[in-house]
Amino acid sequence: MASFQKVKIEPFDTFVDYSKRFRKIFGVESEKAFDLFNQTVSIKEIGKLNDFVRGHMLEKTYVENPIKELIEYYENLTSSHEAMQKAKNQLEVLKPLMAESESYENVKEKLNHLNKVFPIIPAYFAQHKIGLLEKAIAEKQQEQSQLSRDLSKKRLDLEGLRQKKQDLTAAIENDETGRKIKELEQEIKFLDSQIANHRQAAEKYDKIVEGIGFPTYSDLDTFNSSIIQARETQKGVDVQLEELTAQRDDKKTYAKQVKDSWTELNQELQSLRQRKNQIPADNLRIREKILKYLGIAEEEIPFVGELLKVKDGERQKWEGAIEKLLHNFGLQLLVPEKYYHQFTRYVDHTNLRGRVVYQKVDNKNLDLVSKNLDDNSLFYKLEIKSDTKYNVWLANELSQYYGNYLCCQDLELLEQQNYALTINGLIKKGNRHEKDDRHSSNENKRRYILGWDNSKRIKDCEAELNERKAELSRVEKAIQDIETQQKERNRHKNLLEKLLEFNDFSAIDWKPDASKKQTLVEQKQELEENCDRLEELKRKLADVSTHIQNNEAAKSVAERNIGILDRDIEHYQKQSVECEKRSSLSTSQEMQTYTPDIEESFSNQIPSLDNIDTWETRVKESYQGRISDANNKLNSLRNSIEKKMMSYKGGYPAETANVDASVEFIPEFKGMLEKIERDDLPTQEQRFKKLLDEKINSAIYNFKDTLEEWESDIKDNIYDLNQSLKMIEYTPFTYIQVQCEPNGENQIKEFKNLLKKGLCYADVGVERTSEADEASFKKIKELIDRLQSDEKWTARVTDVRNWLNFSVSVKNKTDDTEKEYHSDSSGKSGGQKAKLAYTILASAIAYQFGLVQDKTKSESFRLVVIDEAFSKSDEANARYAMNLFKQLNLQLLVVTPKDKIPVVEHYVGAAYYVENSIEENDSKVYNMSLDKQPLGQIASN
């Protein structure tokens, strides 16, 4: 290192550092100058000016670092955006959850209030009823006092009338004729009673025998004959009734069986019409209950039976046997792994009121397992539903567990197998044999579960339902006929039993007493016609008896009313005592607190004693209904809330690890919402906006400004170059200008448009909202995605050289008007092409070395090496080129044959001669002095 310092040698760790130092020492501003210096360029290569200018005159713009920085800022922005979106998504779930939770708390509070009011209702009505009862008791007691006074007066009146009647009766009885008449009246009265009783019995007898068809009341012999006949007939009727009862009971039992079968079949038909499968309704109910709670689609968790069926060509022979074998397997549910945890948790915690069997299924990366099976294997008689995602899993299960079952059409083959089944349903598994014939043929078909099309099952059910309906109608008609016969026989039996109750003819024989009565009446009339005084006494006695009867009736009414009032008062007093007990069950504070709630139910109506119990019942029923509705709503809200909680826990397990999906954790979920609204979301929104404003937006602005600055630099440099070219004579009357215009290419336009759109709030007047921020993010994402997805596109559109199109304009010196326009050198003569090429090449070299006229740096590197200089150019063009290089202040190293020395000798400051040996292994360079003789003379010597 010390030796390096002595000779002033600078060491460098990298070529980049070395290159920068070298260019600084030699005054070379552009790294592209060395790239151009190291290139070999032929004038024949100048075809399209765009390609040449971009490739040889302009430096490539390196945007890897700005893009990398932009992507890093974007990734941070995306991370912030995801966190912000997560918070917003959480709010979208938590806000409805909290709204329902608030409703839940309101309903819960309302329910608590109703439950507090409800026990007060009996006490309230009891207290209110006590007042009504006290008023009613007072009214009844007042009425009772008045009736008691009236009753006392009636009793005094009756005592006088009875004494008067007693005196009149004694006067009549003391009369001999009167006494005789009195005896006759008593005997006639007795006979009237006897005749009435016997006549009533006779009428009853006649009605009975008419219903049976026996003779009516006439004489003793006829009566005795009817009784004997009735006893004989009764025995036959009892036998007939027993037979009819047995027939009816048998028919009713059969009818119930037919009706139950019809009902079951009809329910099955209704269920089948609502679906395509043949799974039993109870199994479907259990699945529906689970999936409804968990919010999972039915097709996600199918029954095995929905995905399998016996092939159409095998159904006639083998469907029954295969259905029996696969019955339990077909009722199993298939639960994907992603639902397994929540499915199992719900099943374990819930009384399903039925049986469920399910398989945990992992379909990921599952391959079909091939297995050599017999042609008669059960596996080949089954078809798996083609569009199910469980296709491979089912095929493997069937192959592994049922593929060894052979379908045998004879018992000899079955006996030789370990696993087999016959057409008749005999199933062999090792040494175990099983055949289940507990169900009829139709019942067996109704137990079929396999398949995804139940149209045939529906037709069979409809046909069987029609048969059941016709059979039920026939049986019900037969029962109706039997019951009609029973009614007739029972009526006959009842009449016979009533007839046999008459065991004595004298009980209905009223004619002898009627004859005797007639005789006594005639005697009484004869005595009465001969006694006037007696008649007057009887008239007075009749008047007094009438008064007594009327007063007795009035007294009875009064006594009855007083008794009723006594009962009413006693009843009211008992009710009052009971109301006192009921009223004491609630405190006065409770009564005062909840009375307004109860009285709202009256709708401005005042209950009376007659309807207060009805009002109490009505108010109780109203509160029970409101409590029931509140409970139902509370349960509904609880289920909905807990379902949302379960969904939220599934979406955000880390945040909810310490809470359960239960209403008891509403405060915790509310705390999560408040934390997100207070801290998380504002923090993420602030960070997002800050990154958007201070990082990504600034990065895009800087990126855009950098690119546009590079574009501006190119235009400025071209302008400076054109200033030099304007001073160079292209022809005696023209000069050349390099022109640049915006590139209208779609890819460039697209990139510039994406840059512009990516700038947040670039448009004046755009309101700063979260929606505007989101829109800006999407535009930025569009830009970054485009840059990352297509490297070729990115390289092209971020290379600023491609933003401009270049051409050459030949202009008149006199008025600067354009004479010629060139985008390439096609269509020109060789000399014209060479001249144009010299001009463009020299311009490119001068541009890269940073040379403009009148600004040449004395200590700068601006070397150009020309090999075989102008070997194919005429002398005029060659001299034009040399003069051009001189005007552009280039340092020239010309390697030329001797015949071209006259062209360059006036421009040469130093000359060297190079020669090689014949063997071409010994090259030598000679320094030639130009002080003593010119270069042309030296060359000729």
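**Helix α9 in its chain**

The chain's secondary structure amounts to 27 helices and 15 strands. The model is predicted. Of its 941 residues, 37% count as buried. The accessible surface of the chain is about 56,300 Å², and carbon and sulfur atoms contribute 46% of that. Contacts reach across the sequence. Taking those between residues at least 6 apart, 76% join residues at least 24 apart.

Now turn to one helix. Helix α9 spans residues 281-294, 14 residues in total. From first C-alpha to last, α9 reaches 20 Å. That is close to the 20 Å expected at 1.5 Å a residue.

Which residues of α9 are buried? They are N283, L284, I286, R287, I290, L291 and L294. These residues lie on the same side of α9, because they cover an arc of only 160° around the axis. The face turned away from the buried side carries E288 and K292, both exposed.

What do the buried residues of α9 pack against? Three of the partners are helices: α8 (220-273), α11 (337-349) and α19 (612-651). The strand β2 (333-336) is also a partner. Burial here follows the cut-off of under 20% relative accessible area, while exposed means over 50%.

Finally, look at the end of the helix. G295 follows α9. The phi of G295 is positive, near 70°.

Conventions. Residues are numbered from 1 along each chain as its sequence is written. This is a predicted model: local features need pLDDT of at least 70, side-chain atom pairs count only at pLDDT 80 or more; totals for chains, interfaces and linings use all residues. Side-chain values use heavy atoms; hydrogens and water are left out. Helices (H or I, at least four residues) and strands (E, at least two) are DSSP runs, numbered from the N terminus. The expected span of a helix is 1.5 Å times one less than its number of residues. Buried means under 20% relative accessible area, exposed over 50%, partly exposed in between (1.4 Å probe, protein chains only). The arc is that of the directions from the helix axis to the C-beta atoms. Contact means heavy atoms within 4.5 Å. Accessible areas come from the Shrake-Rupley method with a 1.4 Å probe; for residues, only the protein chains shown count as cover.
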